[in-house]
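Open the model in your viewer and follow the stops below. Each stop says what to select and what is there.

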Amino acid sequence: MRTIQHWINGAFTPAGATRTAPVWNPATGEQRAEVVMAGRSEVDAAVTAAAEAFESWGDSSLTLRSRVMFRLRELLVEHEDELARLVCAEHGKVVEDARGEIVRGREIVEFACGITSALKGDYSDQISGDIDSFSYRQPLGVVAGITPFNFPVMVPLWMHPIAIACGNTFVLKPSERDPSASTFVAQLYADAGLPDGVFNVVHGDRDAVDGLLDSDGVEAVSFVGSTPVARYVHERATATGKRVQALGGAKNHAVVLPDADLDFAATQLTAAAYGSAGQRCMAVSAAVAVGEAGDALVSTLESRARAIRVGPGHDPATEMGPLITAQARDRVASYVSSGAEQGADVVVDGRGVTVEGHEGGFFVGPSLIDRVEPGMEVYDDEVFGPLLSVVRSRDVDEAIALINANPYGNGTAVFTGDGEAARRFHRGVRVGMVGVNVPIPVPTAHYSFGGWKDSLFGEKHIHGPEGVDFYTRAKVVTSRWPRVNRPSDSELNFPTAQ
Ligand code: NAD
């Protein structure tokens, strides 16, 4: 059995861990590896290595840092296939989908290549008599990232390239369910010339997370995962004075107005609901069918869902892979059951789907449930699987009110040909990322990613310009170089501009 080790100070830790966890192949249901689980001592070792590395990395030139990022970018291109197959093997998503997350994550590295522009300060010449003022931003020190299973490459890449390009050193605690991608990227960093200790990976669960949250050596924490854990991380890490951004779960609604191109909308919703088996924080899980759009939309969605080819992610014919674990599969199936029990119509039932030759895999088929309402578990909870609920709504204002009453506020979309309705929608919804005829409005690297309400705890969105702000602190210098022999104008009164 292969053992996946921590990566600390530029090397894998030696064998001998006391606690391990299984890593599954979700397509077969077989264990493919075990991963070591960090306790306080491993976390402390990683934080110490990062703190020592910060002494020189924090003082390195921006040019050097951006060169490392350029090399990392090239290595991510060169190793894309290998990395995508590794993600497929541990996560289960189809290889092409895994490539998609690598490409989107690489865009953050491309943004980080331009760190010299992103970190430009301001300068005011002669802001007072013989006085100049200028500002710049400095790194924080050691920062930590804690990431979920569903994007084992992209979500960590939202964090560490920006943090490291800003001059910080990093300790990543990836999901213990698909940990290999993170140590793979750690090796690419080493090949790109990143000094030892700047990027470290510790594996584990709550023990490792608590170790990072409580560590005096960690200045800031970026977290992405479910809402209960995001809330916990935010509370515990802010209690020890850390800067925190904690991105949580989601319930993303896509509203389809009667004037929309229904065929186009159904195609887009099918991809957004069932891609990656619905295990995306920006997956559409509630389709809000407005007025007469309802019946036609449901019938088109039904035929699309039934046509999806379910199978192992490495098979090029597969469109949708398995769930991450047997528990996740059973949980999704239980929501189909509860939806039916609570009065919704099960249009497509994915329970009990099996894949020939992969009978032990964690598969559930695409599921579609109509006439779902708030108060039903399938609507109120984040299902995080290939289950699309259809909610009927009278008009766009009722749809906006429905979305605003939901505790989550990650992403949403509207499908319409009416510009006024689209504008009313994007201005009116209390959601951080909005698509107009775009079902998964994940911002590109030059914007920042983040939800509202229970989808984000903290002030700063992740990556892009807000990521640069998050990983740095501002300094303003007021500077005077008086001419020799000039009389001093110092007074005891508070200084004002001259
Ligand atoms: P999770 O919350 O179970 O785990 C996330 C991380 O927290 C993992 O590293 C895990 O080891 C750790 N963790 C789990 N339980 C913990 C606990 N009790 N105490 C401390 N740490 C703990 O999430 P997941 O199942 O890996 O990922 C799916 C969730 O992530 C979904 O809710 C999804 O919406 C969310 N997500 C959100 C975004 C976003 O940008 N908002 C992006 C991706 C995923």
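**Stop 1: the salt bridge**

Select Arg280 and Asp97: they form a salt bridge, with the closest N and O atoms 2.8 Å apart. The term means a side-chain nitrogen of Lys or Arg within 4 Å of a carboxyl oxygen of Asp or Glu. The count between domain 1 and domain 2 is 1 salt bridge.

This is a predicted model: local features need pLDDT of at least 70, side-chain atom pairs count only at pLDDT 80 or more, and totals for chains, interfaces and linings use all residues. Residues are numbered from 1 along each chain as its sequence is written, and side-chain values use heavy atoms, with hydrogens and water left out.

**Stop 2: the two domains**

Colour 2-248 + 455-477 as domain 1 and 252-436 as domain 2. These bounds come from an automatic or database domain assignment. Over C-alpha atoms, the domain centres lie 31 Å apart.

**Stop 3: the interface**

Now select the contacts (heavy atoms within 4.5 Å). Domain 1 brings 20 residues, domain 2 brings 24. About 1,800 Å² is buried between them, and carbon and sulfur atoms give 62% of that. Buried area is the accessible area (1.4 Å probe) that two parts lose on being put together, summed over both.

Next, pick Ala27, Val94 and Ser455. They supply 26% of the area that domain 1 buries against domain 2, more than any other three residues.
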